[in-house]
Amino acid sequence: MESFINYFETIPPEHRSFILVGGLALFWIIESGLPLFKFKYNKWQHALPNLFFTLTTVIINFALASLLYKTSKWVDASNFGVLNWLPDMPLWLYALLGVLLLDFFGAYLAHLVEHKVKPLWMVHLVHHTDHSVDTTTANRHHPLESLIRFFFTLFGVFIVGAPIALVFLYQSLSLVFSQFTHANLKMPRRLDKALSYIIVSPDMHKIHHHYRLPYTDSNYGNIFSVWDHLFGTYMYMEREKLVYGVDVFPDEQKNSHIGELLKQPFQKYEKPTLSADVEK
């Protein structure tokens, strides 16, 4: 376990790039063979705007990486943060708790706030206006959202007191899980449901991409599902009833155009419609 953690402390940039590209390629292949929905689309054409926003996210995170690194080093050296205030524990538990807490601040809390604050919802809208959710949707984030997510993660590192090894481990797991849960992948229903009690499963997250409330405002987690179960934001619906997108922004052509997507945060606010059928 110690050698595993040490690896992430000094993980080379090319290895992190491999996780991004390799994960994307892996789930691209799997979803092509075991699709949940048989989309009638040009897969490469659909991927183009999503890959563009993946690139902008990488650029922003790279540009701000030193801030994350310095914060992590400071909390470690200053013995500041939740992990540093707890009694000694096995390394595996320390790592699990650290990733769990970083997942709360960097993913769950950030995601929840983006849905509840109107201007932030308009920024996050770019992610939700994909009408054919697949693994490339994972990093379909407006550059402004990439900044927002980064600073939530930075805040998490500060509060949690996470050393850089756990930060890199969390970011790697977060990336792979996001690609996994967005993949147009048909898992056995019982397996998917069972996984959703521990981690975010593909069906669980795709409910979040349903085009109407209250499903749109549910299942905010990225790695662990515990936060949704704990705070009452978990919802379930049958996969066959899923409709992707946002009902008040229905123009699929505009929602597939990079220029239009860059302008989406500055449109008039529209709240998704409340669904008549709600499954607990």
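Ala, Val, Leu, Ile, Met, Phe, Trp, Tyr, Cys and Pro count here as nonpolar, Asp, Glu, Lys and Arg as charged, and the others, Gly among them, as polar. This is a predicted model, in which local features need pLDDT of at least 70 and side-chain atom pairs pLDDT 80 or more, while totals for chains, interfaces and linings use all residues. Numbering runs from 1 along each chain as its sequence is written, and side-chain values use heavy atoms, without hydrogens or water.

**View 1. The second largest pocket holds about 250 Å³ of space.** Its lining has 14 residues, and Tyr-41, Gln-45, His-46, Glu-252 and Ser-256 are the closest to its centre. The lining divides into 2 nonpolar, 8 polar and 4 charged residues.

**View 2. The largest pocket holds about 1200 Å³ of space.** Of its 42 lining residues, Arg-16, Thr-57, Asn-61, Gln-171 and Leu-175 are the closest to the centre. The lining comprises 17 nonpolar, 21 polar and 4 charged residues. Helix 9 gives the largest share, 8 residues. Helices 2 (13-33), 3 (43-63), 4 (65-78), 6 (91-116), 8 (143-160) and 9 (164-182) each supply at least two. (Pocket: an open set of points on a 1 Å grid where a 1.4 Å probe fits, with protein on both sides within 12 Å along at least five of seven lines; lining residues have an atom within 4 Å of a point. Helix: a DSSP run of H or I, at least four residues, numbered from the N terminus.)

**View 3. Helix 7 (residues 118-128) is largely enclosed by the rest of the structure, because 8 of its 11 residues are buried.** Buried means under 20% relative accessible area with a 1.4 Å probe, protein chains only. The buried residues are Trp-121, Met-122, Val-123, His-124, Leu-125, Val-126, His-127 and His-128. Their cover includes helices 3, 6, 8, 9, 11 (202-208) and 13 (258-263).

Methods:
Grid points are joined across faces, edges and corners, and a volume is the space filled by probe spheres set on the points. Buried means under 20% relative accessible area, exposed over 50%, partly exposed in between (1.4 Å probe, protein chains only). Contact means heavy atoms within 4.5 Å.
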